[in-house]
Amino acid sequence: MRDNDDRKDDAIADGADPGHSPYIGDREELGITDAAATGAEEDEQGYGDAVAAIAASGLLGDSDVIADVIAEPDATRELADMTGLEERMADIAAELAARAPEHDVQPSTQRVVDCLDILGNPHTTYRTIHITGTNGKTSTSRMIAALLAEKGLRVGRYSSPHMHTMRERISIDDRILSRQEWIDVWEQVHPAVAMVDAASARSGGPPLSTFELFTVMAYAAFADAPVDVAVIEVGMGGLWDATNVIDADVAVLTTIDIDHARYLGTTRAEVASEKVGIIKDGSVVVSAVQHEDVLPILADAVSKHRARLLFEGRDILLEDRTPGVGGQMISVGTPAASYREVPLNLLGHHQARNAVLAIAAVEAFFGGSALDGTVIEHALMSVQSPGRLELVRSSPAVVADGGHNPAGLAAAAAAMKETFHGPIVGVFAVMADKDVEAMLGILEPFLDAVVVTSLSNPRALPVEDARQIAEDVFGEERVREEYDLLDAVDMAASLAESLNREEMTAPAVLAIGSIELAARVRELFAKATRSP
């Protein structure tokens, strides 16, 4: 038997008005009329008033105590509500899973454009900052959002991929959408999605992909909030990325390197050609240091769009940094100001460079004027970036990092060596389509040993294959194998402690190789996202 949602989708696909529901009759068949519904609401209100009056009378004892008892949430009802929300979320996840995966990039943004047009173009109701690059996008976007929020703006942030729940992708005021909010946005956009899917099918095209649908939801949620500004991270690439339907005031490019070669190209120049596609006419471009083969492509894009370029090392500078426990102190120079000894609550030279981009981007957003020093200090001393060199356990230290390409691993490994001066043992798991030998080659000089482990993802490299490659790189005596992740972390910790020969140093474990590995390690140590 087909449910109402199925029939409603068919009606929309056939051209029915999505603003008019043909299923009012279902309520009437059940005897639920508007008058009956109103009467039920009045009865419930009358019952509540009567209970409140008895409690206030004192007949049952201390009226304040009785009122507190009445005000306590009904645990049974809360459980039932949560179960219902989880079931609906599971239904949504199943529909998303049936669509093309988010890395299946189509050379068109038209489906997203059409869907947003049906919804009234919500993405045009707020200003935007757009971020691309190979590594550091999420950390940079978190810093930009924190700075904007400290300036008193309401901020939406869209990032990917998620680690624990798809709701992490969309946040407003640094809070991810609740289950109910996610469901509400889904139901808001679903009629438009159905119409675009049907139109695409008639012309022989595919339905919206998973990432395209996430993007439509994010842009709609930000308009509903409403936000003052949205910080948007590309999913992959730039030019044909689903997010690239916005007219961003500021485009931020972290360092461009080779990743997702199957989709973006096998050379930096090919990758850069995709990523500079987010630059819009008259915008400000904030760029990290780039490789020589990227520079002419960036320059051509800036010239073509009559944009203004702020380039790291020339216009914006990391003037100084002092590593510390749990973070670092940085000094940053921009065309507008010099910010001295700013506390940054993140580890690593690469995060200090990301902070330079973030400060410059927010200055540009406000027309190039300097930011108040207290704004920068308050924002960066509290910013967090889960799964990015995140300390999830101490004694011995266990750090989770989502680095999944050679450049990302190099930055994380260098930061670990700078922070932890005792033995460091890696826990490593990786997707099979990655350059695993190159990744392990980056880690080898920094790690005293490595424990390879498994992931449940079918795309993951089997443990046996990972061990063989690791032994070729590290040597057999420095490699261990453990299928269970918790056992792998424990093995790495024990090994690090056994290798520690100095009383004044402390051993550490670095779990790295994929975002999924970082997420699972966070879950082991109760660091996963928690929200209603």
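1. Let me start with Ser-159: its relative accessibility is 7%, so Ser-159 counts as buried (buried is under 20% relative accessible area, exposed over 50%, partly exposed in between, with a 1.4 Å probe and protein chains only). Bear in mind that this is a predicted model, where local features need pLDDT of at least 70, side-chain atom pairs count only at pLDDT 80 or more, and totals for chains, interfaces and linings use all residues. Residues are numbered from 1 along each chain as its sequence is written, and side-chain values use heavy atoms, with hydrogens and water left out.

2. Where does Ser-159 lie? You'll find Ser-159 in the loop between β2 (155–158) and β3 (170–172); helices (H or I, at least four residues) and strands (E, at least two) are DSSP runs, numbered from the N terminus. Setting aside neighbours within four places in sequence, Ser-159 has Thr-138, Glu-168, Arg-169 and Glu-233 in contact with it (contact means heavy atoms within 4.5 Å).

3. On the side-chain level, Ser-159 makes a polar contact of 3.2 Å with the side chain of Arg-157. For the record, a polar contact is a pair of N or O atoms within 3.5 Å; within protein, one must be able to donate a hydrogen and the other to accept it, and residues adjacent in sequence count only if both atoms are side-chain atoms. Ser-139 is 20 residues from Ser-159 in sequence, with 9.9 Å between the C-alpha atoms.

4. Now for helix α6 (residues 110–118), whose buried residues are Arg-111, Val-112, Cys-115 and Leu-116. They line one face of the helix, because down the axis of α6 they fall within an arc of 130° (the arc is that of the directions from the helix axis to the C-beta atoms).

5. What do the buried residues of α6 pack against? Their partners are α8 (179–202) and α9 (210–224). After α6 comes Gly-120, with a positive phi near 90°.

6. Ser-200 sits in helix α8 and counts as buried at 9% relative accessibility. Not counting residues up to four places away in sequence, Ser-200 touches Arg-111, Gly-205, Pro-206 and Pro-207. Arg-111 is one of the buried residues of α6.

7. Last, have a look at Ser-209, in the loop between α8 and α9. Ser-209 is buried, with a relative accessible area of 7%. With residues up to four places away left out, Ser-209 touches Arg-99, Ala-100 and Pro-101. Asp-197 is twelve residues from Ser-209 along the chain, and their C-alpha atoms are separated by 9.8 Å.
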